[in-house]
Amino acid sequence: MSSDTNPFEDTLAFMEQMREQYQATLTQISTGFESNMALWGDTQNKFSKLWLDNFENLSLALFQTESMPKLDAVMGLDFKIKDFAVAATNLSIAASELQILFMKIWGQAHDTFNSNTADLSPNSKESINQWLENANLIVLQFQQSDEYLEAKKKYATSLTAFQSTYKELIEVYQENNHIPTQREFDDLSNSVYRLKKELRSLRKEMQTLRSSDDE
Amino acid sequence: MNNPMINPVLDQQKEFEDYFDKVGSSINNFVSLPDSEVKIGETPKEEVLKLDKVTLYRYFPLDGVKPANTRPLLIAYSLIGSYTMLDLQRDRSVIRNLLLQGQAVYVIDWGHPNKSDKWLSFDDYVESYLSDCVDYICDHHNLSAISLLGICEGGVFAACYASLHPERIASLALAVTPIDFHADQGASTEESVGYLNRLLRKFSRAELEAMIDAFGYLPGETTGLVFLEMTLVKSITKYNWELLDSLAGDRDKVLNFLRMEKWLLDRPHHPSEAAKHWLIDLYNENRLVKGEFELEGEKVRLSQLSMPVLNIFAKHDHIVPPATSKALQKHLSRQTKYEELELNAGHIGAFVSGKANQAFSDKLFSWVAPLKSTPRKPAKKTAK
C-alpha cells in the first residue's frame, strides 16, 4: 500500500507522531521524576527541620529550660502554641518521609517495568494495564516491609500528637468564649452512659426478682 | 490491511474511538441515572426493637414461600461498614437467598455512633445490645435458643456472646471473622494479606490509646482510607483509569458499580472504647485466643462454644487473613461440631460476587438449627 493510495495518510502520520510524543513525554516525566525526587525530599526535610528548630529556639529563648519555673504571663497559651507548632512540624516531616518512600517505590516499579519491555503489549491500553499490574504488585510488597510500616507508624503517631495539641489550643478559645469543650461533653456523656448502665442493671435485677416470685 | 506499518496505528485509532465511545456512554449514564435509582438494602423489613441507636429488624417472609422448619437467624454485622452489604442488590442478596428458603431472618443495624457514644465498649455491644436482641427473638418465637451469624467484627461479638451464653445459641456461623489476630505471622499467604495486623502490632498500647482518644472515635473516613490504602494502586486507578469501564455501557452493570459506591460511602464511626478493644486488646495483644479477653468482668472462653460452629472465610481476603479465621478450630472443644467453608473471593466479594454469595447462603441455611426439641425455659421479660 503506497502513500498515494493510503486514505489514512495524514491520520497515520499524526497518530505515529502522537505515539512518539507520548513515549518521549513519559520518558521525560520519569527521568525528571527520579532526578527531582532526592532534591525534593531533601528540601522538604530541611524546611521542616528549619521550622522545628526555629520554634525550639524561640521557646528556649523564652524559657531557657523546661525545669525552670513557668511564668503565668499568658496562662500557658505560649506552651500550647509551641506544642502545636512542634506537632505540626513533626507531622509535616513524617508526611514527607512517607511521600518520599512512595516516590522511591514508584521509581523502583518504573525501573522494573522498563527492564521488562520485551513483554510489553503493542496495545496501549494493555501496556498501561501491564504497568499498573506491575506497580500494584511492587507497592503491595513494599507496604508489608518494616521500612514502610515504621514510616506509617511515625505518621500516625505524629497525627495523634497534632490532633491532641490542636484540641488543647482550640479549648483555650472555647473556654474564653463560653463554648463547651469536647472534654466537658465527654464528662456529660460519660455520666449519661454510666446512668444508663446502672438503670439496665437495676431492671435486670427486678426481672430476676419478679421471675423468682412467679415461680 | 496486513501492512505491519499501518496495523499498529490503526489499532491505536480504534483504541481512541473506543475510548471516546466510553466517555460518551459514561457521561450519558452518569447524567441519566439519578441517585434515587441507586438503591441498596431494598428487601422489605420492619423495625422490631430499638436500643439507643441500635435497631433490630425483622425481614418480611416472601409471598408464596413456605416457612422453613428452622430457628430464626440473627445476623450481626461489623461496626465498620453497614449490614446492607448482605442485601446490596436483589440478585446478589444473602438476605433474599435465605428468605427464598423460608428462613426467618433478623439483622442488627448498629446505627451511626458519634462522639456522645464514645464510651460504648465491646461489653455493651455484646452483653447489652446483642444480648437484648437475642432475648427479644427468643421471646417472640417462644424459643430458648436461636441461630446466630456474625460477620467480621460482628463475628467476634457473636463468638463472645455464644461463649458466654451457649444455652441461647443453637448454631453459630462466623464469616470472615478474625479470631487469632496474630495467626498471619508465618502463615503462607498472598503478599497483600495481613497489612493491618502487621501495622497494628508495631504500636504500643499507650500509642494506640492516645490515637483513638485524640479523635474521640475511630472516624469512618479514616477506616475507609485505611482500606483504600491496603490496595493503593487499585484504589487510585478505580476513579480514573478504570472509571470509564465502570460507568460506560450496560445500565445494570453501572448500577452494580454505583450500589457498591453507595455502600462504601456509608461508613459509620466506631465508638472509642469499642475501638480500643478491637485494635488494642484484639489486634495488638491478641487477648481472645489467650483467654484474657473479658466482657463485664467475665473471661471469654472459646472452648465454651458447645453449639455447632460454621466458619466461613475468603481465600483472597486482604483485610482478614484466612489464617486468622481458620485458627478458631484449635480453640474449640473436641466435642464441638465444626465445619469450614472457604470461598474463592475477597472480604466483600464473599457477600456480593454471584457465585460466592450463593454458596455462602446455601451453606449458611444448611447450618441454621432445626426447630425441634430444645425445651423453652420459663418465660422472662426482656429489658428494653
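1. B:Ala314 has its place in strand β11 of chain B, where helices (H or I, at least four residues) and strands (E, at least two) are DSSP runs numbered from the N terminus. The model is a predicted one, in which local features need pLDDT of at least 70, side-chain atom pairs count only at pLDDT 80 or more, and totals for chains, interfaces and linings use all residues. Residues are numbered from 1 along each chain as its sequence is written, chains are lettered from A and ligands numbered from 1 in the order in which they are written, and side-chain values use heavy atoms, with hydrogens and water left out.

2. B:Ala314 counts as buried because its relative accessibility is 0%, buried meaning under 20% relative accessible area, exposed over 50% and partly exposed in between (1.4 Å probe, protein chains only). Not counting residues up to four places away in sequence, B:Ala314 touches B:Val176, B:Pro322, B:Leu343, B:Ala345, B:Gly346, B:His347 and B:Ala350, contact being heavy atoms within 4.5 Å. B:Ala356, 42 residues away in sequence, lies 9.1 Å from B:Ala314, C-alpha to C-alpha.

3. In a regular strand the side chains alternate between the two faces of the sheet. Both faces of β11(B) are covered, with B:Val309, B:Asn311 and B:Phe313 buried on one side and B:Leu310, B:Ile312 and B:Ala314 buried on the other.

4. Strand β11(B) pairs in the parallel sense with strand β6 (residues 169-175) of chain B over four bridges, and also in the parallel sense with strand β12 (residues 338-343) of chain B over six bridges; pairing requires that DSSP finds at least two bridges between two strands.

5. Among the buried residues of helix α10(B) are B:Val254, B:Leu255, B:Leu258 and B:Trp263. Beyond neighbours within four places in sequence, the contacts of B:Ile151 include B:Ile75, B:Ala175, B:Val176 and B:Phe351.
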